[in-house]
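Subject: Structure handover

Hi,

My notes on it follow below.

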Amino acid sequence: MLKSPIYMDGMLFCPYCRMPLLTVEETHLKLKCAVCQKPLGKLPISTLKKMFDDFPKDLAKEWKLEMEARRKLSRDKPQPSKNLSK
């Protein structure tokens with residue numbers, strides 16, 4: 001059974017070599033540690049919730065505002081017309 005990454009102090013660590021986690025995606029959602037090359041298990045929901053709770057709220061608010069502004073810009077941007085006749 002694959003070991004899941006360890007979450008501690010706002011960072012993910014490899015459960016095998018204990019180094020800060022750098023991953024390599026082998027195939028879709030199959031990850032391995034870039035340092036020790038061992039495959040990693042999925043993050044449990046409890047870890048994802050902890051990471052979400054630890055995420056700075058002011059940064060989340062800033063990202064949300066930026067994404068809304070980008071979405072508005074892309075909506076308001078005129079789309080290039082496609083000229084099908086040659």
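Along the sequence, the protein runs β-β-β-β-α-α. That makes 2 helices and 4 strands. Both are DSSP runs numbered from the N terminus: helices are H or I with at least four residues, strands are E with at least two.

This is a predicted model, so local features need pLDDT of at least 70 and side-chain atom pairs count only at pLDDT 80 or more, while totals for chains, interfaces and linings use all residues. Residues are numbered from 1 along each chain as its sequence is written, and side-chain values use heavy atoms, with hydrogens and water left out.

Burial: of the 86 residues, 13% count as buried. Buried means under 20% relative accessible area, exposed means over 50%, and partly exposed is in between (1.4 Å probe, protein chains only).

Salt bridges: the structure holds 2. The criterion is a side-chain nitrogen of Lys or Arg within 4 Å of a carboxyl oxygen of Asp or Glu.

- D54 pairs with K50 at 3.2 Å, N to O. They sit 4 residues apart in helix 1 (residues 45-54), so about one helical turn separates them. D54 is partly exposed at 37% relative accessible area. K50 is partly exposed too, at 44%.
- E66 pairs with R70 at 2.8 Å, N to O. These two are 4 residues apart in helix 2 (residues 57-76), again about one helical turn. E66 is partly exposed at 36% relative accessibility. R70 counts as exposed, at 51%.

Surface patch: M19, L22 and V35 form a nonpolar patch with about 280 Å² of accessible area together. Patch members have over 30% relative accessible area and no salt bridge; like charges are joined within 9 Å, nonpolar side chains (Val, Leu, Ile, Met, Phe, Trp, Tyr) within 5 Å. Areas come from the Shrake-Rupley method with a 1.4 Å probe; for residues, only the protein chains shown count as cover. L22 lies in the loop between strand 2 (11-13) and strand 3 (23-27). At 53% relative accessibility, L22 is exposed.

Of its 14 lining residues, L29, K30, L31, L40 and K42 are the closest to its centre. A pocket is an open set of points on a 1 Å grid over the protein atoms alone, where a 1.4 Å probe fits, with protein on both sides within 12 Å along at least five of seven lines; lining residues have an atom within 4 Å of a point.

Best wishes
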